[in-house]
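The structure goes in first.

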Amino acid sequence: MFENLRKDNKILFLIAGLGLIIRVFYVLTLTPDTIVFPDSFQYEEIAKNLLKGEGFSIGTGSYPYQHNRAPVYPAFIAFIYLFFGTDVVWIKIAQSLLNVLTILPIYGLGMMIFDRRVALTASFIMAIDPFFIFFTGLILSEILFMAFLSSSLFFLYVGVKNNKYLFLSIGSFMMGAAILTRASLLIFPLFIAVWIMLEKRDDIKRALSSCFLFVIIVFFTLLPWVIRNYSVYHALVPVTIGGGVTLYESNNPLADGGPGYDRLPDLDTSLSPLERDNSYKAMAIRFISENPGKFIRLVVAKLKRFWNIIPNHEEYRSVKHILISLLSYVPILVFGIIGIILSLTRDKKVLFLLLPVIYYTGLHTIFLGSVRYRVPIMPLFMIISAYGFLRAVYFIPFKRNG
C-alpha cells in the first residue's frame, strides 16, 4: 500500500489541491452568520469559555435540554481561536484542510480492501463532493468527526491485518477521540472488537492481545472525560447527557422522524440535568412500548430521512439544492449498492467498510434521521461506490491488494 502511495503522491496532491481550492473558495464566500445551526452557538460558547479558563461550561443556548457537549470539537475551535482569533472563517479554513487530509486514509482503505484504481476514484469523488464542501462551512462537528473515524479505521485495519501494534494503538486512540467528538459512536467499539476476534480467529492469542489493546486504549482515552463528568454530575456519564431527550424527541406522539425539540414538553425545573434526561428516556421507552405501530412507521420515516436523495429541510429544497443533491449523491448511492452486491459475492473484506454504515443507519432509525448524520460515513461508502462504478461502467477486472 505504501509503495503505491509513493507512486500516486503526485496524483493525490493534485486531487487534494483541487479539493482544498474549492473548499477555501466556498468558505470565503460565506458571511459569518450563513447557515447557522443551533448546535453551533453552544460549540462556540464552550470554546470561548475554555479560553477564559472556565472549562467546558455551557449555558442554555438554543438547545435548552442539552446540558453538555462532547469535548473535542469545542477544544478544536478554542485551539484555532487561540492562535488565529475569533473570526469563524479560520474554523472553516481549518475544516477545509482537515477534510482534504481525510482523503489519505480513504485512499489507504480503498487501496487495501480493493485496489489502486478504486482508491484514486474514491479520493477524487471525496475531493469534489458538494456535501463535504458544504459542511466545511458549518460550525459543526461532522468534518472533525469524519477525520477521526476514517483515520481510526485506516490505522485499525493496517494494525490488525499486518499485526502492527503501533498502528493498532494509534487507531484505538483515534477511535476514542472520535467518540469524544460525537457521543453517538460510543457503542461502535464493540463491533470493532468482534471484527478483531473474527479476523484473528486462527490465532487466538493474537486475537485476544489485539482486542485487549484496542479496548484498553479506547477506555483510557475516554477515562479523563468520564472522571470529569463524574465530578460534575456525581454519576457515570461516559460522554454527554442528552441521549434520553433525543430518544424522546425521536419517539413521541408528535414525532415525524426529524428534529422536534421545540415540541418537547417542559419538565420540573427542580430536576437535575441528569434526572430530566432520564425522565425523557423513560417517556420514550413508554411511548415505544405502548405504540409499536407508530414506532415502526417512525423507523421507516427516519430511514428515509437518513438516506434521502434530496435535503430534508425545506430551506434547502430549492431547485438548485435538489439538482446538486440528485446529480452528486444519487450516482454514489446507486453505484454503492452495486458495489456492495458485487464485492460481497467475491470477498467479505468490504464488511469492514460497511460496519459504520450499518451501525449509523441502525442508530438513526431509533434516534433522529437526518442527512447530516449520514455525512461522516459517506467517505467509506464512496470507496464501495467507486468499486461499483469501475466494475459496472468500465468492466474493469478486479485485483485485490489487501
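How are H7 and H19 set to each other: roughly parallel, roughly antiparallel, roughly perpendicular or oblique? Before answering, I note that this is a predicted model, where local features need pLDDT of at least 70, side-chain atom pairs count only at pLDDT 80 or more, and totals for chains, interfaces and linings use all residues. Residues are numbered from 1 along each chain as its sequence is written, and side-chain values use heavy atoms, with hydrogens and water left out.

**Entry 1, H7 and H19.** I looked up the axes of helix H7 (residues 116–128) and H19, which come within 8 Å and cross at roughly 125°. H7 and H19 are therefore oblique to each other (under 35 degrees is roughly parallel, over 145 roughly antiparallel, 65 to 115 roughly perpendicular, and the rest oblique). Axes are lines fitted to C-alpha atoms, for helices over the stretch in contact, and angles run from 0 to 180 degrees between N-to-C directions. Helices are DSSP runs (H or I, at least four residues), numbered from the N terminus. Contact means heavy atoms within 4.5 Å; on the H7 side I found Ile 125 and Met 126 among the residues that meet H19, whose own include Pro 379 and Met 382. By class, this contact of H7 with H19 has 11 nonpolar, one polar and one charged residues (Ala, Val, Leu, Ile, Met, Phe, Trp, Tyr, Cys and Pro count as nonpolar, Asp, Glu, Lys and Arg as charged, the others, Gly among them, as polar).

The axes of helix H9 (residues 142–161) and helix H10 (residues 165–179) come within 7 Å and cross at roughly 155°. H9 and H10 are therefore roughly antiparallel to each other.

I searched the whole structure and found three cavities of 30 Å³ or more. A cavity is a set of points, on a 1 Å grid over the protein atoms alone, where a 1.4 Å probe fits but cannot get out, and lining residues have an atom within 4 Å of a point. Points are joined across faces, edges and corners, and a volume is the space filled by probe spheres set on them. The largest cavity has a volume of about 60 Å³. Its lining includes Asp 129, Arg 374 and Met 382, and helices H8 (130–136), H16 (319–344) and H19 (378–394) each supply at least two of the lining residues. By class, I noted seven nonpolar, no polar and two charged residues in that lining.

Methods
1 Å grid on protein atoms, 1.4 Å probe; cavity = no way out; pocket = protein on both sides within 12 Å on 5 of 7 lines; lining within 4 Å.
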